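Subject: Structure handover

Hello,

Here is the structure I said I would pass on. My notes on it follow below the entry.

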Amino acid sequence: MPTYEYQAADRQQSCDHCRARFEVRQSMHDQPLRKCPHCGGPVVRMISRCGISTRPSEKSLLSDKNLKAKGFTKLVNEGGGKFRKVT
Ligand SMILES: [Zn+2]
């Protein structure tokens, strides 16, 4: 099962657990977490290997095309400490 990274969406509503990134092992078919399992504060899923972002604005901002145009290199975490270069 892939591991997804989450981080607090709102630092005002976060705990030590979600202020730093935390990883959750989930099935690809599971719904993304919306809340921190510790404090219940809102969390967002960080870029995962399937490249899905939960926030549309972030999705367009971090699109491969945009990143490439800005001269960024994007690495996708494939799990197990392996990264794949996509731009
Ligand atoms: Zn929390």
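I begin with Glu5, which is found in strand S1. The model is a predicted one, and this applies to everything below. Glu5 counts as partly exposed because it has 15 C-beta neighbours inside 10 Å, and a residue is called exposed only at 12 or fewer and buried at 20 or more. Not counting residues up to four places away in sequence, Glu5 touches Arg21, Glu23 and Met46. Arg21 is 16 residues from Glu5 along the chain, and the C-alpha atoms of the two are separated by 6.3 Å.

Overall layout

The protein has three helices and five strands. Read from the N terminus on, the order of these elements is β-α-β-β-α-α-β-β. Of the 87 residues in the protein, 8% are buried. For contacts between residues at least 6 apart in sequence, 38% join residues that are at least 24 apart.

The three-stranded sheet

Strand S1 belongs to an open sheet of three strands, ordered S2-S1-S3, and the pairing is antiparallel. Its edge strands are S2 (22-25) and S3 (43-45), each of which pairs on one side only. On average, and with direction ignored, neighbouring strands of this sheet are turned by 40° against each other. The antiparallel pairing of S1 with S2 runs over four bridges. Within that pairing, Thr3 stands opposite Arg25 in S2.

The nonpolar core

Which residues make up the largest nonpolar core? There are six: Tyr4, Tyr6, Ala8, Cys18, Cys36 and Val43. Strand S1 (residues 3-8) gives the most to this core, with three residues. As a general point, nonpolar side chains in soluble globular proteins tend to be buried together.

Leaving aside neighbours within four places in sequence, Cys36 is in contact with Ala8, Ser14, Cys15, His17, Cys18, Gly41 and Val43. Ala8, Cys18 and Val43, which are among these contacts, are also members of the core.

Strand S4 (residues 75-79) and strand S5 (residues 82-85) pair in the antiparallel sense, over four bridges. Together S4 and S5 form a hairpin that has two residues between the strands. Gly80, in the turn, has a positive phi of about 65°.

Glu78 has its place in strand S4 and is exposed, because 12 other C-beta atoms lie within 10 Å. Glu78 and Pro2 are 76 residues apart in sequence, yet 8.4 Å apart in space, C-alpha to C-alpha. Gly79 is also placed in strand S4. Gly79 counts as partly exposed, because it has 15 C-beta neighbours inside 10 Å. For Gly79 and Thr3, the separation is 76 residues in sequence and 7.0 Å in space, C-alpha to C-alpha. Thr3 is the residue that stands opposite Arg25 in S2.

The end of the chain

What does Thr87 touch, not counting residues up to four places away in sequence? The contacts of Thr87 are Asp64, Leu67, Lys68, Phe72, Thr73 and Lys74. Thr87 lies in the segment after S5. With 16 other C-beta atoms within 10 Å, Thr87 is partly exposed.

Regards

Technical notes
Residues are numbered from 1 along each chain as its sequence is written. This is a predicted model: local features need pLDDT of at least 70, side-chain atom pairs count only at pLDDT 80 or more; totals for chains, interfaces and linings use all residues. A nonpolar core is a set of buried Ala, Val, Leu, Ile, Met, Phe, Trp, Tyr and Cys residues joined through C-beta atoms within 7 Å. Two residues are in contact if their C-beta atoms, placed from the backbone, lie within 7 Å. Two strands pair if DSSP finds at least two bridges between them. Axes are lines fitted to C-alpha atoms, for helices over the stretch in contact, and angles run from 0 to 180 degrees between N-to-C directions.
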